[in-house]
Amino acid sequence: MYEQRAKRYLNSAHRAYTIRLIRVPQIIHMMQYRWCGVVVCLLLGFASFDARAQFATIEGTVHDGDNNQTMQGVNVLLTAEDGDRVGMASDASGSFRFGRLLPGQYVLMASFVGYTLHTDTLDVGFGALVQLDITLMPDQEALGEVVVESEQQTSSMEGFAAFEQVRASDLQRVPMPGITPDLAGYLQTMPGFVSTGDRGGQLFVRGGTPTQNLVLIDGMMVYQPFHIVGFYSALPADLINYADVYAGGFGARYGGRLSSVIDVSTRNGNKDRVVGAVSIAPFLGSVRVEIPIEPGKVSLIGSARESIIERIAPDVLGQQMPYRFGDRFLKFHAFITQTSSFSATYLETFDEGNITGDPDTPISTWTNRAFGGRYTYLPAEASVIAELAVYASQWDSEYAISELQQRRASVDNVNLTMHFIYLLGGDSQVDAGIFGSTYGFVYNLGDRRRDTESNIMEGSFFIDGQFQINPTLRLEPSVRLQTFSNAVNATLAPRFRALYRPQGPSSTQHFSVAWGLYHQQIIGLSNAQDVTDAFIAWAPSPENSDVPKAMHLIGGWKWRAQPWLEFELEGYYKDLDNVYFPRFDDLRNELITLDQVEGRVRGLDVSVEVNRPGFFAFLGYSLSRVKYTRDFVIQEPRLANNQVFLQSLPRTETFNPAHDRRHQLNAMVQVQRGPYRMSVRWQFGSGQPFTQINGYYETLPPSEPGSRAFHEQGGRTVISRSQPFGQRLPPYHRLDVSMQRVFRMDRFTTTIQASVINAYDRANIFNYDVFTNERINQLPLIPSIGIHVEAL
Amino acid sequence: MRPAIQRLMKGAGYGVFVAGLTLSLAACDNTIEPFPEEPDAFFSIHGVLNTNADTQFVRVTPIRQTFVLDAANPVGITVTSTATSSGERVVWQDSLITLEDGSPGHLFFAIMDVEGGVTYRLDVTREDGKTTTAETTIPNIPSPLVNQPIVVDTVIVDDTEEEVVEQQIILQGLNETPQRIAMNYRVAKSMLAPEEEIDIQYDPDNSTFGKLPVVVELTRDRRTIASRLGLAPNEKTIIFKGLELEIELWSVEWAVPTSGVNIQNGVGFFGAIGHFFPTWTLSSDVIRTVGYIPDKADD
């Protein structure tokens, strides 16, 4: 089980050594921290040498007998002669490893729902390495009950607060306006996740902002991971192996963000035969191809999606939907030897459109490009897993307010990662990683000034202990250190997680707690008031100022009352400091400055889940309160000693920002009968805050006393804002329904899906433009039908 | 009842429930209130009280709920000013003007003099009693302390010895730093020529702790005046008719004109300007020493 977790660490690694030349004092400054990492690595190396001399190892890979794909999440149980047992789940590449074994006879069992049990008896000698290649054959009687899969507890993180591992089969529960499910749609059903609606691609997690979410795809950082139509993420669901979603309280392997982590691991291409899929629906068309380059060893998987809706909406739906988006994905994977593998991934996304749906409004465009390679090495005799990875990410964004005024921003970054996992035996391990990154930022906020450019580099180190103290208690202390090449302050972030299972692994109840400090040195500056403006400018935190930071405290309780019935309750508190929040002028889209605010987020997530063969139901409720406090100074002219001076008067302003959705309810039901499956989702969200306006007026420029401007000039029309975020929008609610039928024929599976988005045509507000008194609603009732053909 | 019928009725019951729930949800309140029921700002006002004018003006624009300005005549607005020290209240008159861009504007005016050192409160009130209030204090009238002119130097100009005369004026009781200081001279080229006013700027930045010493360079100014009259700088036939010091003071609101901190329940700018003209006389001897010819009236 620990190896699967180790793999996830490897997948998420995205920091790196920097290769750039830096000034000597900076080197000294950074070395003060880096020597710790060097020492740890050396210790790990010596320790592994010691382990190599004493213990045996059993390792292997599990394949699906149906398509020869590696299988993640297979339960592998090893029983010694004295009855001691140790278990784990296979990782993303289907691998498992039991190290530090004494000589003797062992029974190994590999099981997965829907597959026949594999059993093997192994005689293991002193210092031996036993390598296995296990193939699980599908159990025909169990096929078709896909939903049962979720009952498997495949992750050692299962039960931890604020964590959920999402699998591709989970995504299919959410009705979508098309044939293919998507991670974006699923995330919006998770308690504590709030979206701006069905366009714009902004996701707020437990009081955090979209720029405080870390989104990784195979370890590559994706800066704007959702498409302009909010149903879709940057990656199609059928490429996802699993996604680790942390709504907070994440460990030290992740850094650089304050709020949440969405760590997506993609699957490898089929190494046995050519397979693929084609789908088309009103919103999106897609194609996927998997090619075994060298059977059993090397594969390639590629995918392309392209929007259709902007072309067909005027004729089919009778309205303009000017959204163009799509993505391309390519992944190469090779088993170099039995103990090493290499993968290379490329991802590209593009989005363009008028978020409001009105062709006369400003156009937003953004593109993500990311590519990288990862080499994983599992030494045959050692209890250490090592990985080296290099990633590069690029992101460009534009927001054309007018022909003359265009905001632009881009980020380029390269990451190098070295990661070691030291297996302590049982279900304990210590992870350590060193990351280095270079960043290049360019942005122009459209004020006709020159582009603002900055380049920084970052070095970081983490160590993360995961200790199974006894069958009931698991502790995970960790710490992360990050340093920067410019004057942005270095940060040290301790974190802690604990899981208590009163009856051990078989316990039906889990109690967990997570605490941690988080820092975000690379900040995303966005317009927090206008949801139709998806523009973000990324920049390093200002020099010599305190970086944005957060403290998370999360407590959770999970109770599996029946094998098919689960209750979950989580409470959380986040303390935010130095968070940047925009302050606007009374002119349209005129950003005055960015204030640093403090925030307090409190919330409670409750959910109940019923998961029976052919039936799934979920009900989740979130109660949340986000409060920002802004300290600012006004300058009042005063007279004293024959001088006019400006007296600084401190003021404090407290408000609930626009993403403070106080109540949110998600209900999902999925029923499957034979080849038919019906999914229903209903969402409710209480109104989000917005700033009312007192009204409009004309302002005149301050002029010389002799001027007659007051008498003659018309002035510029501006708005007078009322108390910030003092009123709330109407509540949001929507019903989505989908029905699908699956046809199987030899190697081909055809799925036809009919769906209705916003089934009772609720006019949910998306945005209100105070300058034009114009209300823009979210998508109306949209019926759709799609077809998906897959060659297995 | 047969099970099939029971199931049908049960299903129908669920259907009715779901349909009712759907209808009730679809019908629930979905309106947005962009404007607060109790706004905290009612008018924008832009105006300046000026001690140098006998009519005061202030532009008043209601803060409205439509982006397009369509209210040509804001009926029912009352504008009053009150001198806070004396309680004297003046009701201002409305005048509809056409602005440069062709849009209508409401310029309220009051025929009144404003006094230095006095605080005036302006109340702009709607029919429903909602009021925007602004307050400004006219700069204090400085009191001049006039010293005797003195000869500070003797110079040779065109082979003729000439005495350089200066006179120090100390302005007392200043609250604000003057924005403008000038000497205004009344002179004529000859006895029969018309009187002309010539002003010469002085540096206003020498004030300290409520006092401003102004050194009036009478001889230098006479040369400047001769030049402006088209005469030779050393021409000594100019008739001197009088002089005064001009001081312009701005109220504190000008320090941050966009702050609007002196306006309650409204926005804009409301300030004041104080123009003061302390005057004194020069003796005939001093006038001649400076290089003028005294006016007959002074002889």
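At 7% relative accessibility, A:R630 counts as buried, where buried means under 20% relative accessible area, exposed over 50%, and partly exposed in between, with a 1.4 Å probe and protein chains only. The model is a predicted one, in which local features need pLDDT of at least 70 and side-chain atom pairs count only at pLDDT 80 or more, while totals for chains, interfaces and linings use all residues; side-chain values use heavy atoms, with hydrogens and water left out. Residues are numbered from 1 along each chain as its sequence is written, chains are lettered from A and ligands numbered from 1 in the order in which they are written.

Strands here are DSSP runs (E, at least two residues), as helices are (H or I, at least four), and both are numbered from the N terminus. A:D595 also counts as buried, at 8% relative accessibility.

Over all chains, a search of the whole structure finds 44 salt bridges. One of the pairs is A:E306 with A:R328, whose closest N and O atoms are 2.9 Å apart. Here A:E306 lies in strand β17 (residues 298-307) and A:R328 in strand β18 (residues 323-337), both of chain A, so parts 22 residues apart in sequence are tied together. A:E306 is partly exposed at 24% relative accessibility, and A:R328 is partly exposed at 28%. Another salt bridge joins A:D451 to A:R408, with 2.9 Å between the closest N and O atoms. This pair links distant parts of the chain, 43 residues apart: A:D451 is in the loop between β23 (428-444) and β24 (452-470) of chain A, and A:R408 is in strand β22 (residues 406-425) of chain A. Relative accessibility is 35% for A:D451, which counts as partly exposed, and 31% for A:R408, which is likewise partly exposed.

Aromatic rings come next. Rings of Phe, Tyr and Trp (its six-membered ring) pair if their centres lie within 6.5 Å, and planes under 30 degrees apart count as stacked, over 60 as edge-to-face and the rest as tilted. By this rule, the count comes to 28 aromatic pairs over all chains. The rings of A:Y696 and B:F35 have centres 6.4 Å apart and planes at 75°, so the pair is edge-to-face. This pair crosses between chains, from A:Y696 in strand β38 (residues 693-699) of chain A to B:F35 in the loop between α1 (3-27) and β1 (43-50) of chain B. A:Y696 is buried, with a relative accessible area of 0%, and B:F35 counts as buried at 13%. Elsewhere, ring pairs link A:F163, A:Y246, A:F250, A:Y254 and A:Y518 into a cluster.

A nonpolar patch of about 720 Å² is made by A:I280, A:F743, A:M745, A:F748, A:I752, A:I785, A:I787 and A:V789. The elements giving two or more residues to this patch are β41 (732-745), β42 (748-757) and β45 (782-791) of chain A, and β45(A) gives the most, with three residues. A:M745 sits in strand β41 of chain A and is exposed, with a relative accessible area of 59%. In the loop between β41 and β42 of chain A is A:D746, which has a positive phi of about 50° although it is not a glycine.

Terms used
Patches are made of residues with over 30% relative accessible area and no salt bridge: like charges are joined within 9 Å, nonpolar side chains (Val, Leu, Ile, Met, Phe, Trp, Tyr) within 5 Å. Accessible areas come from the Shrake-Rupley method with a 1.4 Å probe; for residues, only the protein chains shown count as cover. A salt bridge is a side-chain nitrogen of Lys or Arg within 4 Å of a carboxyl oxygen of Asp or Glu.
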